[in-house]
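Colleague: I have some questions about this model. Can we go through them one by one?

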Amino acid sequence: MGKIYEAIATPLIDWIQQQQMFFVSTAPLAADGHINCSAKGLDAFRILGPTTVAYLDLTGSGVETIAHLKENGRIVIMFCAFNGDPRIVRFYGQGEVITAADAEFAELRSHFPAYAGTRAIIRIQVNRIADSCGFGVPLYEFQGHRDTLPQWAEKLGIDGIKKYHTTRNHTSIDGLAGL
């Protein structure tokens, strides 16, 4: 059944690279705060080392992950096999938000495709790697990534994205600091 891994090794890397989407979950410290779970797609996930991963954070309607990470750093990334053998893999760890204002942003950004509306890179130091059976995950056929988000960001332009960050990504739904 479930297995714990010391590091992200080649067989696991190969499996992760075949997955077309992943889920990100975070939570604030407040007991009455809202837990967040976001689905992510596109070519936005990278394995940077045996216990380090990152994903490209694109501008969206909320800023929960960024706000939660700034508050407490806790994060879990989950991949599910929607085809092939059933499997779920989770990366638990401490995440950090790296924006264009940070010195290491440009180097990290070079690992990803150029998507309009990129607002941050989320880097995670993974402290637990676990898989489970995935027997309850349904089978789906991948048809392609949606291009709606990058097209929306391109249409807004750089100034429009900056304004959106100021007006819509300034705080989380619980009032925590976002961008």
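Colleague: Which residue's backbone oxygen does the side chain of N169 reach at 3.1 Å?

Modeller: A caution before the answer: this is a predicted model. N169 sits in the segment after α4 (148–168). At 3.1 Å, its side chain reaches the backbone oxygen of G60.

Colleague: With which side chain does the side chain of N169 make a polar contact?

Modeller: The cut-off for such a pair of N or O atoms is 3.5 Å. The side chain of N169 has a partner at 2.7 Å. That partner is the side chain of R119.

Colleague: Is N169 buried or exposed?

Modeller: Look at its surroundings. Setting aside residues up to four places away in sequence, N169 touches T59, G60, S61, G62, V63, R119, Y164, G178 and L179. Its relative accessibility is 0%, so N169 counts as buried.

Colleague: How many residues of helix α2 are buried?

Modeller: Helix α2 spans residues 64–71 and is mostly covered. Its buried residues are E64, T65, I66, A67, H68 and L69. They pack against β2 (22–26), β3 (36–40), β5 (52–58), β6 (74–80), β7 (88–98) and β8 (118–132).

Colleague: Which residue with a positive phi follows α2?

Modeller: The phi in question is near 80°. The residue is G73.

Colleague: Which element gives the most to the largest nonpolar core?

Modeller: That core has 25 residues, of which L12, F45, Y55, I77 and F91 touch the most other members. At least two residues each come from α1 (10–18), β2, β5, α2, β6, β7 and β8. The top contribution is 5 residues, and it comes from β8.

Colleague: What does L12 touch beyond four places in sequence?

Modeller: L12 is one of the residues that touch the most other members of the largest core. Not counting residues up to four places away, its contacts are Y5, R87, V89, F91 and I129.

Colleague: Why does A54 count as buried?

Modeller: A54 is in strand β5. Leaving aside neighbours within four places in sequence, A54 contacts A44, F45, R46, L48, F112, I121, I122 and R123. Buried means under 20% relative accessible area. A54 counts as buried because its relative accessibility is 0%.

Colleague: How many Å apart in space are A54 and I77, C-alpha to C-alpha?

Modeller: In sequence, A54 and I77 are 23 residues apart. In space, C-alpha to C-alpha, they are apart by 10.0 Å.

Colleague: Where does D147 lie, and which side chain does its own side chain join in a polar contact?

Modeller: D147 lies in the loop between β8 and α4. Its relative accessible area is 44%, so D147 is partly exposed. A polar contact of 2.9 Å joins its side chain to that of Q151.

Colleague: What accessible area does the nonpolar patch of L149, W152 and L156 have together?

Modeller: W152 lies in helix α4. With 31% relative accessibility, W152 counts as partly exposed. L149, W152 and L156 form the patch on the surface. Together, their accessible area is about 230 Å².

Note on methods
Residues numbered from 1 in each chain as written. Predicted model: local features only at pLDDT ≥ 70, side-chain atom pairs only at ≥ 80, totals over all residues. Heavy atoms only, no water. Helix = DSSP H or I, 4+ residues; strand = E, 2+ residues; numbered from the N terminus. Buried < 20%, exposed > 50% of the residue type's maximum accessible area, 1.4 Å probe, protein only. Polar contact = N/O pair within 3.5 Å; in protein donor to acceptor, adjacent residues only side chain to side chain. Contact = heavy atoms within 4.5 Å. Patch = residues over 30% accessible without salt bridge, like charges linked within 9 Å, V, L, I, M, F, W, Y side chains within 5 Å. Areas by Shrake-Rupley, 256 points an atom, 1.4 Å probe, with all protein chains shown as cover. Salt bridge = Lys/Arg side-chain N within 4 Å of Asp/Glu carboxyl O. Core = buried A, V, L, I, M, F, W, Y, C linked by side-chain atoms within 4.5 Å.
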